[in-house]
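Here are my notes for your first look at this model. Please read them with the structure open and find each residue as you go.

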Amino acid sequence: MILSVDGVEFSYKSKKVLENIKFKVDKGDVVSVLGINGAGKSTLLKCINRILKPKKGAILIDDFNLNKLNSLEIAKKIAYIPQSVNGNYISVFDAVLLGRKPYIKWEVSKKDLKITSDILKLMNLEDCALRYTKELSGGELQKVAIARALAQEPRILLLDEPTNNLDLKNQMAIMKIIKNISRSQNISSIVVTHDLNLALRFSDKFIMLKDGMIFSEGNNEVINSKNIQEVYDVNAYVDNYNGIPIVVLV
Amino acid sequence: MLLSSIYSLSIGGYKLSLTQIYHSLTGNGDNATNLIIWNIRLPRIVAAIVAGISLAVSGAVMQCTLRNPLASPYTIGISYGAMFGAAFAIIFFDVGGAESTGKIFVNSPYVVTVFAFIGALMAVLIILLLAKLRRLTPEAMILAGIAIGSLFSAGTMVMQYFANDLQLASMVYWTFGDLGRPLWVEVGIMTVIMVFSLIYFIYKRWDYNALESGEESAKSLGVNTERTRLWGMLVASLLVSVNVAFLGIIGFVGLICPHMVRIFMGGDYRFIIPISALFGAILLLISDTVARTIISPIVLPVGILTSFMGAPVFLYLLVKMYKQ
C-alpha cells in the first residue's frame, strides 16, 4: 500500500463536496475515479495533492502524513496534471525540466538534466525537445505534461481527465502510457475520467463517487448496470469483447 | 551597453573626445571635462542604466505575476499614485519655481520625491491589500489597478484645477520623466534597491516559469503561488516607486522590453529577466542620448521620447501578436 486516504472531507463554504472519503491504493496500480460532473472527482485529486486543504481526514503516503510535509516535499511525492494543459513559448525540454523545480536550489544540476533527457527518451519526445510547447498538438502536449510530472520523481501521479479533447487514437495512447509507466516505474496513478470503457481497459481499481461520497469501490465488477444506473442515471449494460469488458449504453 | 555609454559620455552640447573621457575617468582630466563627465553625464548614464533595468524587470515580473501581458507600472496605477503624491507636495508645500528665463523647476525636490513615493506605495498597497484580503484573481488585480489609477488621476486633476499657473506648470514638469534630476546619492539609492530586487527576481525565476504553466500546475510543483505573486508584486512595485519618485514617469519601457524579449527568446524567465534588464538599460540609455541631442542644446525629458517611440512599437506588437 502506497497511499491511504482516510476520512477526507472538504466543503466550499457551506456546501459539502467530499464526505468521509476512504480508500487505499497499491504500488503500481492505476485507479480510475468515476462519477458525474460535480460529484467531487477533481476536488478529491486536489485534496490529495494539497492544492486544496481538506477540512477533515488524513492522507498518508508511505505512512507519511501529508499534513506534516511542506509543499516542496509533497511535490517530490505527488505529481498532478490538471484538466487543461496549455502550451506556451517554452521548449519541450525546458517544460519537462520544470518538473525538477522541487529539487532545484539555485541552478539545475547534472542529475536534473539527465533525468529530463531520460524522460524525454522514455516518452518518445526527443524529436520535439526544442520545439515550443505552444506548437504542439493536444496529444503531444498531454505527453509533455506527463513527462514533466515524471520529472518530479513522484510516488503518485494524479491525472484530471487526461484524455479530454483528444482523438480516439491519442486517448488510447495516453492511457497506455499511464498504464505502462505505473507498472514500469512503480508509480500509482489516480485518473479522473468520464470514459468508462477506457477506465475498464486500463485501470486496476475503480472508485465511483456520488454526491461527494464513495458509492462503490473495487475491481472492474463495480462497473455494472446497476451502479451505472445509480451513479450516472443512464441505462447501460456491460458486455465482453475478446476478454475486454465494454460498457454499452442502451 | 558599454559602447552606448561611451558614446553618450562623448556627445552633448559640449563634445568630448575619447582621450578626454579616458583621462577624466582615470582621474587625469581637466576641471571642465571632469565637471561635465562626473557631475552631469555619468550620473545621468548610470541613472538611465539603473532605471532601464528596474522598469524592464519589474514590467516582466508584473506581467508574470498578474498573468496579463498588459501589466505595467501604468496599468496597476503606480505612476498615477506617484503623480498624485507629487502634485500634492507641489500644491501644499508650494515647491514650484521658475527661473528668470521662464524655465520651470521644483524647489526642495526631496519633498516631491517623498510624496511621489508615498503616492506610488499607496496605489500598490491598496491593490495588494485587496488581493490579500479579498483574494482577488490576477485579472481582477489589473482591473483594480486601472480603477485606482483613475482615482488618483481624478485627484490630481482636482488639484490641477485649483492650482495657480506656477504650480500647474511644476506639476506638468514633474510628470515628464527626466534622467537629469538625480544626483549621485539618489542614483546610489536606486542602484542598491535595483541590485537586491534583481537578485530576488533571478532567484525566483523557476517559480515564475511554474506560474506561467498555470496556477494548479505551479502549486503541484511546490510553488506557493499566492505568496510568490504578492512578493513579486511588492518588490516590483517598490522598485518602480523609487524610480518614479526620483525620475518622474518614464512610460513604455516596462511594457515593451519584456514583450520584445519574449518574441526573440521565448517565455522562459531564466532568460526574460536578465535579457529584459539588459535591453531596458540599453533602450533607456539610447533614448536619453537621443533626447539630449536631437534638438540640442534643448534637452528633452526622456519620458516624452520613450512614449513617442513606445506607443507605435506597442501597437505594432499588439497587431502582430494578438490579431485573431
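1. Start with Asn124(A). This residue sits in the loop between helix H4 (110-122) and helix H5 (138-151) of chain A. The model is predicted. In it, Asn124(A) has a positive phi of about 55°, although it is not a glycine. Most residues other than glycine have a negative phi. Asn124(A) is also exposed, with a relative accessible area of 62%.

2. Now look at Asn242(A). Where is Asn242(A) found? It is in the loop between strand S11 (236-241) and strand S12 (244-249) of chain A. Its phi is positive too, near 50°, and Asn242(A) is not a glycine. Is Asn242(A) buried or exposed? It is exposed, because its relative accessible area is 68% and the cut-off for exposed is over 50%.

3. Next, the nonpolar cores. The largest has 124 residues. Which of them touch the most other members? They are Met123(A), Ile146(A), Leu179(B) and Phe201(B). Helix H3 (residues 31-65) of chain B gives the largest share of this core, with 17 residues. In soluble globular proteins, nonpolar side chains tend to be buried together.

4. Zoom in on Met123(A). Set aside its neighbours within four places in sequence. Met123(A) is then in contact with Lys143(A), Ile146(A), Ala147(A), Leu150(A), Ile177(A) and Ile181(A).

5. Turn to a helix pair in chain B. The axes of H3(B) and helix H8 (residues 184-203) come within 9 Å. They cross at roughly 30°. H3(B) is therefore roughly parallel to H8(B), since angles under 35 degrees count that way. The crossing of H3(B) and H8(B) is left-handed.

6. What makes the contact between H3(B) and H8(B)? From H3(B), the residues include Trp38(B), Leu42(B), Val46(B), Val50(B) and Val57(B). From H8(B), they include Trp184(B), Met190(B), Met194(B), Leu198(B) and Phe201(B). Of the residues in this contact, 16 are nonpolar, two are polar and none is charged.

7. Check helix H9 (residues 205-212) of chain B. How many of its eight residues are buried? Seven are, and the helix is mostly covered. Arg205(B), Trp206(B), Asp207(B), Tyr208(B), Asn209(B), Ala210(B) and Leu211(B) are the buried ones. They pack against helix H3 (92-97) of chain A. In chain B, they pack against H3, H8, helix H10 (215-220), helix H11 (225-247) and helix H13 (269-293). Gly214(B) follows H9(B), and its phi is positive, near 115°.

8. Thr65(B) is found in helix H3 of chain B. Its relative accessibility is 0%, so Thr65(B) counts as buried. Leave out residues up to four places away in sequence. Thr65(B) then touches Pro138(B), Tyr208(B), Thr228(B), Arg229(B), Gly232(B) and Met233(B).

9. Finish with Asp178(B). This residue lies in the loop between helix H7 (165-175) and H8 of chain B. Why does Asp178(B) count as buried? Its relative accessibility is 14%, and buried means under 20%. Beyond its neighbours within four places in sequence, Asp178(B) is in contact with Arg44(B), Tyr173(B), Leu247(B) and Pro301(B).

Methods
Residues are numbered from 1 along each chain as its sequence is written. Chains are lettered from A and ligands numbered from 1 in the order in which they are written. This is a predicted model: local features need pLDDT of at least 70, side-chain atom pairs count only at pLDDT 80 or more; totals for chains, interfaces and linings use all residues. Side-chain values use heavy atoms; hydrogens and water are left out. A nonpolar core is a set of buried Ala, Val, Leu, Ile, Met, Phe, Trp, Tyr and Cys residues joined through side-chain atoms within 4.5 Å. Buried means under 20% relative accessible area, exposed over 50%, partly exposed in between (1.4 Å probe, protein chains only). Helices (H or I, at least four residues) and strands (E, at least two) are DSSP runs, numbered from the N terminus. Contact means heavy atoms within 4.5 Å. Axes are lines fitted to C-alpha atoms, for helices over the stretch in contact, and angles run from 0 to 180 degrees between N-to-C directions. Angles under 35 degrees count as roughly parallel, over 145 as roughly antiparallel, 65 to 115 as roughly perpendicular and the rest as oblique. A crossing is left-handed if the near helix is turned anticlockwise from the far one by less than a right angle, and right-handed if clockwise. Ala, Val, Leu, Ile, Met, Phe, Trp, Tyr, Cys and Pro count as nonpolar, Asp, Glu, Lys and Arg as charged, and the others, Gly among them, as polar.
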